[in-house]
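Good morning, everyone, and thank you for making time for this short talk. Please have a look at the sequence and the structure first, and then I will walk you through some parts of the model.

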Amino acid sequence: MTNELSAASESLAATVERAGHAVVAVHARPRFSSSGVFWRPGIVVTAQHTVRIEEEITVTLPGGAKVAADLVGADARTDVAVLRVNDTSSAPLPRASATPSPGHLALAIGRSHDSGVNATLGIVSAVSGPWRTWHGGQLDQYIRLDLTLYPGSSGGAVINTSGEAIGIATLGLSRIAGLAIPASTVDRVVDEILARGRVARGYLGVGLQPVELPDHHKGLIVLSIEPDGPGHKAGLLIGDVIVALGGAGVDDTEDVQSALDSSGPGTPIATEVLRGGVKTAMTIVTGERPGRS
Amino acid sequence: MRALGEISERLRRSTAQVSTRSGKAGGSGIVWSSDGLILTNAHVARALASVTLWDGRVFDATVVARDTRRDLASLRIAATGLEAARAGDSSSLRAGELVIAAGNPMGFIGALSTGVVHSVGPVAELGGESWIRTDVRLAPGNSGGPLANARGEVVGINTAILNRLGVALPVSRAHEFLLHGPRPSLGVTLRPLPFGLMILELEADGAAAAASLRSRDVLLHSLDELNRSLDGVREVVRLRFVRGGSDRVREVAVRLRSRAEAA
């Protein structure tokens with residue numbers, strides 16, 4: 001007996017099976033494994049918070065074989081970790097061409113060594129623009145999921161019903177819901193980690209404090225300057241008030257982080273400062289934030 | 001979808017409420033044959049009194065067979081012309097398939113919930129056998145009730161909730177049970193610990209109770225190991241265990257009832 005429901009069921013199961021060919025189990029913490037996704041040939045992406053060891057990480061491939069994986073790098077701010085796996089037979093997951101809207105069906109696809117591919121179904125419950133994580137990273141979109149994620153689902157693929165990746169599933173970035181780390185954000189982080197082994201963030205080398213200006217605008221007053229830091233080299237002085245970075249006004253330190261996130265170290269940033277009440281333009285070439293990468 | 005309504009209604013009519021002697025709803029059951037055979041979990045059929053059908057009729061039930069290891073029990077009620085469930089094929093289930101659970105969670109009679117198959121395979125906590133895990137929201141009271149596929153065929157028996165996932169026995173194990181009867185058992189409820197299996201409860205007339213094992217004793221065996229020795233040819237199984245937090249490992253010989261007697 002066939003009906004609409006069993007046709008829908010068959011098509012969901014087929015989608016899961018197809019996507020499952022790009023999804024692995026990641027063994028990088030005690031007790032629960034997590035999941036990972038072939039994002040590029042030989043490159044697996046998983047959720048950084050599920051990676052608790054740096055050596056002797058293994059992954060269970062879609063075929064069931066358990067192989068060694070090297071941690072290329074990780075970015076706690078966006079919860080992305082990149083592993084290199086010696087396997088070229090698994091094709092990377094195709095990316096969704098369009099941003100999902102609230103209400104679209106979504107599946108979280110994971111894998112465990114014992115039971116193979118696994119899936120949960122739900123909807124995308126909210127989508128908004130760029131969002132800063134509580135670890136200070138920037139996601140291109142905030143994609144909240146109304147589907148059940150389990151400890152082992154983090155790092156797995158969030159796909160639409162066509163089997164295209166919306167992003168990487170994580171329980172590590174929100175206390176109230178599972179999120180998808182958007183595919184475009186994952187791409188950006190993977191690029192940086194493959195190029196440098198980590199995600200370097202731009203750095204100005206100044207201490208800033210938000211201030212209200214007489215014209216009711218806001219800015220950030222320079223309270224300290226690191227000797228020979230990027231700000232110092234560009235000629236910033238203590239007492240300067242930064243009002244714009246990269247052409248966008250800055251009201252608080254959050255805006256500065258956003259301006260720096262979109263530009264890696266060594267990028268010249270057009271800067272507007274008030275010095276003695278006079279608007280002055282200068283260019284700061286960002287450095288790299290020391291320590292804690 | 002019209003299909004979902006029809007399938008759900010049929011499934012609801014093949015789902016029974018299984019109540020315990022104290023009058024509380026113990027769980028759910030599946031109407032397995034039109035002449036009154038009801039299938040449920042062994043842990044639901046512990047102190048059994050009655051079975052309530054979808055139309056409100058209540059019947060006294062007798063336990064035909066109970067298999068604590070498979071967590072299955074068959075009951076008989078004196079009724080005919082029932083709407084029996086149709087059994088499906090649990091071996092061909094795939095992750096992502098739509099499933100429907102019917103049962104009596106927390107006293108709601110004939111409640112339905114839907115979801116997808118999360119995975120099919122062994123569950124670390126439950127030994128080496130295959131289980132169906134689903135993202136269907138289950139609650140106590142769903143135990144023993146049917147898990148059906150998109151065609152409305154019963155593919156599993158909802159048995160537990162583990163790490164928020166519903167865990168169902170594949171219907172193939174119910175066929176085995178109904179065909180061959182219960183497997184030899186210790187007559188205990190076990191909780192897996194990192195180093196063994198703790199006895200939570202003993203059945204008064206069970207093999208473990210007869211061998212003087214007590215509740216809170218910890219058997220120093222894995223579930224798979226235990227299952228292998230229970231299914232072996234020997235009638236006497238030697239078990240190592242610790243008692244009362246002591247380091248001393250004791251040993252006990254448990255005499256099992258033979259397969260023929262048990263069936």
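This is a predicted model: local features need pLDDT of at least 70, side-chain atom pairs count only at pLDDT 80 or more; totals for chains, interfaces and linings use all residues.

Residues are numbered from 1 along each chain as its sequence is written, and chains are lettered from A and ligands numbered from 1 in the order in which they are written.

Let me begin with the overall form of chain B, whose secondary structure comes to 5 helices and 17 strands; helices (H or I, at least four residues) and strands (E, at least two) are DSSP runs, numbered from the N terminus. The C-alpha trace of chain B spans about 65 × 40 × 30 Å along its principal axes.

Now to helix α2 of chain B, residues 171-180, where B:Val171, B:Ala174 and B:Phe177 are buried. Why do they lie on the same side of α2(B)? They cover an arc of only 105 degrees around the axis, which puts them there, the arc being that of the directions from the helix axis to the C-beta atoms. As a general point, an α-helix has 3.6 residues a turn, so residues three or four places apart point the same way. The face turned away from the buried side of α2(B) carries the exposed residues B:His175, B:Leu179 and B:His180. The buried residues of α2(B) pack against several strands of chain B, including β3 (37-40) and β5 (58-67), and just after the helix B:Gly181 takes a positive phi of about 80 degrees.

Two other residues deserve a careful look, given that most residues other than glycine have a negative phi. B:Asp71, in the loop between β5 and β6 of chain B, has a positive phi of about 60 degrees although it is not a glycine, and B:Asp71 is buried, with 23 other C-beta atoms within 10 Å. B:Arg216, in the loop between α3 (207-210) and β15 (218-219) of chain B, has a positive phi near 80 degrees, but B:Arg216 is exposed, with 11 other C-beta atoms within 10 Å.

Finally, let us turn to the two chains together. How many residues of chain A are in contact with chain B? There are 25, in contact with 24 residues of chain B, and contact means that the C-beta atoms of two residues, placed from the backbone, lie within 7 Å. On the side of chain A that touches chain B, α1(A) gives the most, with 10 residues. By class, that side has 12 nonpolar, 10 polar and 3 charged residues; Ala, Val, Leu, Ile, Met, Phe, Trp, Tyr, Cys and Pro count as nonpolar, Asp, Glu, Lys and Arg as charged, and the others, Gly among them, as polar.

Technical notes:
A residue is buried if 20 or more other C-beta atoms lie within 10 Å of its own, exposed if 12 or fewer, and partly exposed in between; C-beta atoms are placed from the backbone.
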